[in-house]
Amino acid sequence: MCGIVGGVAERNISHVLIEGLKRLEYRGYDSAGVAVIDHGDILRERRVGKVANLAEAVEQAEISGSLGIAHTRWATHGKPTEANAHPHVSGKVAVVHNGIIENYQDIKQSLIALGYHFSSQTDSEVVAHLIDHQLKTTADLLTAVQQIVPQLKGAYALGIIHTDFPDQLVTVREGSPLVIGVGIGENFISSDQLALLPVTNRFMYLEEGDIALLTRDHITVFVDGQTVQRPIKELDATVSNASKGEYKHYMLKEIYEQPEAIQQTISQALNGNVLREDFLASAVVDFARIQQVQIIACGTSYHAGMIAKYWFEQLIDLPCQVEIASEYRYRSPVIVADTLYVCISQSGETADTLAALRDTQKRAAAKHCNISTLAVCNVATSSMIRETDHHLLTLAGPEIGVASTKAFTTQLAALMLLVLKIGQVKHNISAQVLTEIIVALWHLPKVLTDTLQNDRNILALSTLFVEKNHCLFLGRGTEFPIALEGALKLKEISYIHAEGYAAGELKHGPLALVDNDMPVVILAPQDHMLDKLKSNMEEVQARGGELFVFADEHSGIQKADRQHVVYVPTIDERLAPIVYSIPVQLLSYHVAVLRGTDVDQPRNLAKSVTVE
Ligand code: F6R
């Protein structure tokens, strides 16, 4: 998704801007650009493709300046071309924009009537022209921005510079993330703090509706024209630990980080074989009251929610619904009192999930309905955490690969902890089951480490997928969402068409697809569904399908002709989906590498989907 970096300093900051853009590459983009102010001129370079192309252009043109803005664009309005890349310039003003200006067509028509010429197909260009026009009757940049912002409908974060104000950077946050990096004698902006870690670890998090004026020495934040104070927070050193290290790709590193990430996530909640007293302590009153759970999420996070539904119902007898946010938000769902709304999001900035949350809160307030909201999220400073009543952090550390891996498994661990906590508060879980699961959770990092030992076997299997065009993933119970997740991982990074199914659904349609050329991946832990799953495997074999089975070492499933088996260590069946995530992640990774795709930044995708 689009990324913003900007800064005002005494030194030349073009290298800071380019380095910042490189750090945003993981979010997904298709073009990039930079503009600095130098001796009263705007110097701008834009390039389609990688930031490296832009870096080369900036070097060749010897672009330098102490005030500047930069952007990576993920096309929404208009193709990825140089003309559509940001910054957009109008007269003496240059603008970068993340998000969508929904009413840009109307604004564009009125600007054309005023004589403005548009050089791009973007919605963003209207902002530059609006500010230029406003400055014909307004004396300073900040006031001009404050005056035009009410005209913009939609979600946006903006970075704005002007040649007549060579020491001012103006920024706006309205529905799209934006953070200020506080330096010494220099200040910066970005849509993601990771971009600014080389220059500072002190951050000011803007709130929706904030407009800020940055100079080298001062940051002033305004809401409705009045100054407000926003605290400065120092970032935990571990958050900055985001390099590939010895690994070829971030995704592989992140797959291997899972035992440690799970250990971190469970340690915040467990003390020996009991839940810590202080774990989610502030939510206990709400947990005692709730009668049902509604989970809202997108993509991989939605798959985590699907698994949690099984757990809420099976383990603590609490009704639970789960829905993708992009549907939920437009469906006029009935708000029911005493419901716990759980938003699951790695980034905490996903536009659809945030909109569903906000809409739910508004409807509940209008009906005087007593609900509670909780975020399961990997970013402590995210909008979702700020806007929910309670939160549960997944301590996965930064996830850079677009395909979610450790963020997913830590979400599962966190959700299991949430189920246990609510079960305990409501006296819906026996002491024995509680202890069994806690013991199994502590054991999990070791089981994950052992499962990772299968990497070479899975690499060998992946060679058999390279020439395939389609693939099926099958599982039952909590392995059904893992089948969906395996199919999502494979398609998003290897571009092989893949479908996940509940194995019981096979004969209701997908079996028609099975022939000699169809690989079928089976998830077969030692659970109460194993015998039924074995029957489904026979249905596939009888139609000539080739089976790739990730099976419990005691499942009795043997290697055979056209039946490849990778054995997975035994785990308490209630935690099996966490363990069986690893083989499907590794399979997708190796297939993608062998097919030569861009594993960490697959085509057309973005890490944090901050537009609808
Ligand atoms: C796939 C993937 C996406 C995200 C989805 C939601 O590997 O990562 O499907 O899960 O875009 O993102 P978050 O969790 O940030 O809300």
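Predicted model: local features only at pLDDT ≥ 70, side-chain atom pairs only at ≥ 80, totals over all residues.
**Domains**

The domain assignment divides the protein into domain 1 (3-238), domain 2 (249-449) and domain 3 (453-612). Between the C-alpha centres of domain 1 and domain 3 the distance is 43 Å.

**The interface of domain 1 and domain 3**

The size of an interface is often given as the accessible area lost when the parts come together. For domain 1 and domain 3 this buried area is about 880 Å², and 55% of it lies on carbon and sulfur atoms. On the side of domain 1, the residues that lose the most area to domain 3 are Y26, R27 and W74, which together account for 52% of what that side buries.

Counted by contact, 12 residues of domain 1 meet nine residues of domain 3. Which side chains form a salt bridge? The side chains of D598 and K50 do, with an N to O distance of 3.2 Å. Across the interface of domain 1 and domain 3, one salt bridge is found. Three residue pairs are in polar contact between domain 1 and domain 3, counting pairs with both residues at pLDDT 80 or more. The side of domain 1 that touches domain 3 consists, by class, of five nonpolar, four polar and three charged residues.

**The ligand**

The ligand is surrounded by 14 residues, and the closest are S301, S345, Q346, T350 and E492.

| Residue | Atom of the residue | Distance to a ligand oxygen atom |
|---|---|---|
| Q346 | polar backbone atom | 2.6 Å |
| T350 | polar side-chain atom | 2.4 Å |
| V402 | backbone N or O atom | 3.5 Å |

Methods: Residues numbered from 1 in each chain as written. Heavy atoms only, no water. Domains from an automatic or database assignment. Contact = heavy atoms within 4.5 Å. Buried area = accessible area lost by both parts, 1.4 Å probe. Salt bridge = Lys/Arg side-chain N within 4 Å of Asp/Glu carboxyl O. Polar contact = N/O pair within 3.5 Å; in protein donor to acceptor, adjacent residues only side chain to side chain. Nonpolar A, V, L, I, M, F, W, Y, C, P; charged D, E, K, R; others polar. Near = heavy atom within 4 Å.
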